[in-house]
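Me: I would like to go through this protein with you and ask what stands behind each label. Could you set the values against the definitions for me?

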Amino acid sequence: MPQLDYGRSIRAPLVRCLILAMTAVAIGPGTAAAQAVVTIDIVSDDFVDPATGLHIDPTIAVGDTVHWEWIGAFHSTTAAAGQADSWDSGVHNPPFSFDHTFLVPGTFNYYCMVHGFDAGGGTVGGMSGTIFVRPVPEPSLVLLAAGLASAGVAGVRRLARKSPAGTCDGPRVPGVRSGGSDD
Ligand SMILES: [Cu+2]
């Protein structure tokens, strides 16, 4: 009497659906990282994370935006002179906010014109902070996505050959027969 492999007949279509879904994610829109907005609260003499109230020097990606929100009065966010990026909000009181989108990778120091100072050569003192901007390796991301996609398609082809049973409602990959054939 032949043994029925229930494990495979149940699992294989599920695995196939998962791979199809992952492939769709890998090759779908939004391959490059979405632009993020990081908020920094400007409080009494410090630049802080709104969630923790503690000083924050965030690391962001090129294309991301830092949003400074004035909680305390008489502050500015002002980039140190001599860096590859530059911004200056001027001195303001709440309610006020200032956004800067970072398009250049690098390490950028900034200070408050009232409670900090530009110490020269891109350095700062007093009430100050740092934004770390890492480059977005677009070509590598695209190559990675392409690699994942082809690996996914190969896996789907293998699975399709091994287990004809089962279908799924996930996205179809062009050229891959996903429903119950014996190719
Ligand atoms: Cu200040």
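Reply: Gladly; here is the background, and then your questions can follow. The model is predicted, so local features need pLDDT of at least 70 and side-chain atom pairs count only at pLDDT 80 or more, whereas totals for chains, interfaces and linings use all residues. Residues are numbered from 1 along each chain as its sequence is written.

Me: What makes a stretch count as a helix or a strand here, and how many of each are there?

Reply: Both are DSSP runs numbered from the N terminus: helices are H or I with at least four residues, and strands are E with at least two. By that rule the protein has 2 helices and 8 strands. From the N terminus on, the elements run α-β-β-β-β-β-β-β-β-α.

Me: Why is β1 said to pair with β2?

Reply: Two strands pair if DSSP finds at least two bridges between them. β1 (residues 37-43) is joined to β2 by 3 bridges, and the two run antiparallel, so they meet the rule. In that pairing, valine 43 stands opposite aspartate 46 of β2.

Me: Which other pairings does β4 take part in?

Reply: β4 pairs with β1 in the parallel sense over 6 bridges, and 5 bridges join β4 to β6, antiparallel this time. Valine 37 stands opposite threonine 65 in β4, while histidine 67 faces aspartate 99 in β6 as its opposite residue. Together, 4 strands form an open sheet in the order β2-β1-β4-β6, with mixed pairing. β2 (46-48) and β6 (97-101) are the edge strands, each pairing on one side only. The twist averages 25° from one strand to the next, where axes are lines fitted to C-alpha atoms (for helices over the stretch in contact) and angles run from 0 to 180 degrees between N-to-C directions.

Me: What makes β3 and β5 edge strands?

Reply: They belong to an open sheet of 4 strands in the order β3-β8-β7-β5, again with mixed pairing. β3 (59-61) and β5 each have a single partner strand, so one side of each is left without a neighbour in the sheet. For β5, the antiparallel pairing with β7 rests on 2 bridges. Alanine 79 has tyrosine 110 of β7 as its bridge partner.

Me: Why is aspartate 45 called partly exposed?

Reply: A residue is buried if 20 or more other C-beta atoms lie within 10 Å of its own, exposed if 12 or fewer, and partly exposed in between; C-beta atoms are placed from the backbone. Aspartate 45 has 13 C-beta neighbours inside 10 Å, so it counts as partly exposed. Aspartate 45 lies in the loop between β1 and β2, and has a positive phi of about 65° although it is not a glycine.

Me: What does phenylalanine 74 touch beyond its sequence neighbours?

Reply: Two residues are in contact if their C-beta atoms, placed from the backbone, lie within 7 Å. Leaving aside neighbours within four places in sequence, phenylalanine 74 is in contact with Val91, Asn93 and Val114.

Me: What makes a group of residues a nonpolar core, and which residues have the most contacts inside the largest one?

Reply: A nonpolar core is a set of buried Ala, Val, Leu, Ile, Met, Phe, Trp, Tyr and Cys residues joined through C-beta atoms within 7 Å. The largest such core has 17 residues, and Tyr110 and Tyr111 have the most contacts inside it. β1, β4 (65-70), β7 (106-120) and β8 (123-134) each supply at least two residues of this core. Not counting residues up to four places away in sequence, tyrosine 111 touches several residues, including Thr78, Phe117, Val124 and Met127.

Me: Which face of β4 is covered?

Reply: The covered face holds Val66, Trp68 and Trp70, and the uncovered one has Thr65, His67 and Glu69.

Me: Where is the cis peptide bond, and what is its omega?

Reply: The cis peptide bond joins proline 94 and proline 95, with omega about 0°. Proline 95 lies in the loop between β5 (78-79) and β6.
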